[in-house]
Structures are given as C-alpha cells and as structure tokens.
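Hi everyone, thanks for making time today. Please have a look at the sequence and the model on the screen, and I'll talk you through them.

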Amino acid sequence: MRAKFRSHLLALGAALGWVVLGTPPSMAAQPEGGCAPGWETWRVQKLVNFAQPQFEDTIRSTDRNDDGFLCVKFDKREPNVFTFVDNNLQVEGDS
Ligand SMILES: [Ca+2]
C-alpha cells in the first residue's frame, strides 16, 4: 500500500517536470516560420532534451528567428541521426 502511494508521487513529479519543460513562459506559442515537406517542427527545448549534451549550443544557436522552434529531419535508416535547420520557410498559402 505504501509503496503504491510512493509510485504515484513519483509519477506526479515526472508529470509536473514535463509540463515545466514543455511550456517555458518566454517562448512563443506558435512557430514564426514553416518547415519544408518531410521535416518536422520541434520545440528547441524538446530537441535539446532529445539530443546528446554536446549539441545543445549548436541547437540553440540554430534558432535564428528566436521563436523556440526548429525543423528536424530524421535519417530513415538511423533513427538517432537527424538534421536540423531553423523554421524560416515563409507560409503564404498555395502558390
Ligand atoms: Ca526558429
């Protein structure tokens, strides 16, 4: 009984940590630019958490429009290998 209660507390702590990491108050709510077809829009913080620590500075400096988002593309054969660029594609409707 006591062990079960403790695991619920741990789960709650993890959930609160996720919320804090997922929505920093200084970040824009929406990306300012789009990504090319085949690329995914990721929050900078999400990519920093996902990548190895030595890539953090490079990832943060790639966010040139400072909106907190990047475009990410994963290698089809190596799921841990990815490329990232700033989300600077202008979205202007169909053309
Ligand atoms: Ca950006």
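I'll start with confidence and the overall layout, then go through the sheet, the core and a few individual residues.

What you see is a predicted model, where local features need pLDDT of at least 70, side-chain atom pairs count only at pLDDT 80 or more, and totals for chains, interfaces and linings use all residues. Residues are numbered from 1 along each chain as its sequence is written.

So, confidence. pLDDT is the predictor's confidence in each residue, from 0 to 100. The protein chain has a mean pLDDT of 82, and 66% of its residues reach 70 or more. Where is confidence lowest in the protein chain? That is helix α1, residues 2–22, with a mean of 58, while α3 has the highest confidence, at 98.

On to the layout. The protein chain has 3 helices and 3 strands, and along the sequence they follow the pattern α-β-α-α-β-β.

Now the sheet. Two strands count as paired if DSSP finds at least two bridges between them. The 3 strands form an open sheet in the order β1-β2-β3, with antiparallel pairing. β1 and β3 are at the edges with a single partner strand each, so one side of each has no neighbour in the sheet. From one strand to the next, the twist averages 40°; for angles like that, axes are lines fitted to C-alpha atoms, for helices over the stretch in contact, and the angles run from 0 to 180 degrees between N-to-C directions.

Trp42 has Leu70 of β2 as its bridge partner, and Arg43 stands opposite Phe69 in β2.

Next, burial. A residue is buried if 20 or more other C-beta atoms lie within 10 Å of its own, exposed if 12 or fewer, and partly exposed in between, with C-beta atoms placed from the backbone. By that count, buried residues make up 13% of the 95 residues in the protein chain.

What about a core? A nonpolar core means a set of buried Ala, Val, Leu, Ile, Met, Phe, Trp, Tyr and Cys residues joined through C-beta atoms within 7 Å. The largest one has 9 residues: Cys35, Trp42, Val44, Leu47, Phe69, Leu70, Cys71, Val72 and Phe84. α2 and β2 each supply at least two of its residues, and β2 gives the largest share, with 4. In soluble globular proteins generally, nonpolar side chains tend to be buried together.

Contacts next: two residues are in contact if their C-beta atoms, placed from the backbone, lie within 7 Å. Of contacts in the protein chain between residues at least 6 apart in sequence, 56% join residues at least 24 apart. Which residues does Leu70 contact, leaving aside neighbours within four places in sequence? Among them are Trp42, Val44, Leu47 and Phe84.

Let's move to helix α2, residues 44–50, where we find Val48. Val48 is partly exposed, because 17 other C-beta atoms lie within 10 Å. Beyond residues up to four places away in sequence, Val48 touches Glu56, Ile59 and Arg60. The C-alpha atoms of Val48 and Ile59 are separated by 6.8 Å, with the two residues 11 apart along the chain.

Last stop, the loop between α3 and β2, which holds Arg64, Asn65 and Asp66. Is Arg64 buried or exposed? Arg64 is exposed, because it has 12 other C-beta atoms within 10 Å. Setting aside residues up to four places away in sequence, Arg64 touches Asp86 and Asn88. Asn65 counts as partly exposed, with 14 C-beta neighbours inside 10 Å. Asn65 and Asp86 are 21 residues apart in sequence, yet 7.4 Å apart in space, C-alpha to C-alpha. Finally, Asp66 has a positive phi of about 55° although it is not a glycine.

That's my tour, and I'm happy to take questions.
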